[in-house]
Amino acid sequence: MDLEDIEVSVESVAALLLNNELTYSTFDRNIDSDEVVVSTEAEGFHYTVAPETADDYHIITDGGLKLYSAPIDGGVFHSSMFGITGNGDESAEFTRAFVASAGKTLIVDNVGKDLEANALRPLANTTLEFEPGVVLRVVEGGTRGIHISEEGVTVIGNGALVVMDGSQTSHGVAILPGAKDIVVDGVQVVGAGGTGDDCFYVGGISGDVVPQNIIISDCVGDGAGIARNVLSVTAVDGLLVDKFEAFGAASAPGL
């Protein structure tokens, strides 16, 4: 990808989203799908133009131009590339980010505001890394915070906080059948769903399949009087829990 092919530069992702001058009529020729044609000055992000009929685009300008995010160094995406700015429920934006970053790395940026979404679902062989200070609030009435049911997922929390208020119907971090070779490191969970749910849950059975080879390290769970247990393990083949802090469960046993 030759960055000299960039044709349009805007101030920031926020400005790009609000731009009503970038439309398909802006370009009077066919756009090569591998050609970078839009960049942001503040973040240094680059985008290619998606087909006008595409429904798998990553962001869309106010002018209706659909864009794909270009990974940094071939394998790293940032949540801000997808317009995730801490502006209400951004579950749909996170879904697009996970599809784009499958098998690569998605960094959740600290945008200076709490993020709100439901059930972040990294795909197989994806690294999900939170910048320090990120707070993710699970949407009111939603299900869970982080959902892991794929192989080879690594979550690097850097102290990120997942917050639930009891209105949800599942767990803060749920590691479910299909999950294999998983690392969850440095994640803090406060609260859980209010239907007998936990801060961290490992288990479930699908046929004869259970989560396999799971590592949970340097994590903190605060049940906040809502979570049934801070850590609940119901079915797993191979589990290491290392340096785990738990308190505030709704009732015994707590773990």
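Phenylalanine 77 and phenylalanine 82 are both buried, a word that here stands for under 20% relative accessible area, with exposed meaning over 50% and partly exposed what falls in between, for a 1.4 Å probe and protein chains only. The model is a predicted one, in which local features need pLDDT of at least 70 and side-chain atom pairs count only at pLDDT 80 or more, while totals for chains, interfaces and linings use all residues. Residues are numbered from 1 along each chain as its sequence is written, and side-chain values use heavy atoms, with hydrogens and water left out.

Phenylalanine 77 and phenylalanine 82 also form an aromatic pair, tilted, at 6.0 Å centre to centre and with 40 degrees between the planes. Rings of Phe, Tyr and Trp (its six-membered ring) pair if their centres lie within 6.5 Å, and planes under 30 degrees apart count as stacked, over 60 as edge-to-face and the rest as tilted.

Two strands pair if DSSP finds at least two bridges between them. Strand E14 (residues 180-190) pairs with E16 (residues 212-217) in the parallel sense over five bridges, and valine 183 has isoleucine 215 in E16 as its bridge partner. E16 also pairs in the parallel sense with strand E19 (residues 237-242), again over five bridges, and here isoleucine 216 stands opposite valine 241 in E19.

Technical notes: Helix = DSSP H or I, 4+ residues; strand = E, 2+ residues; numbered from the N terminus.
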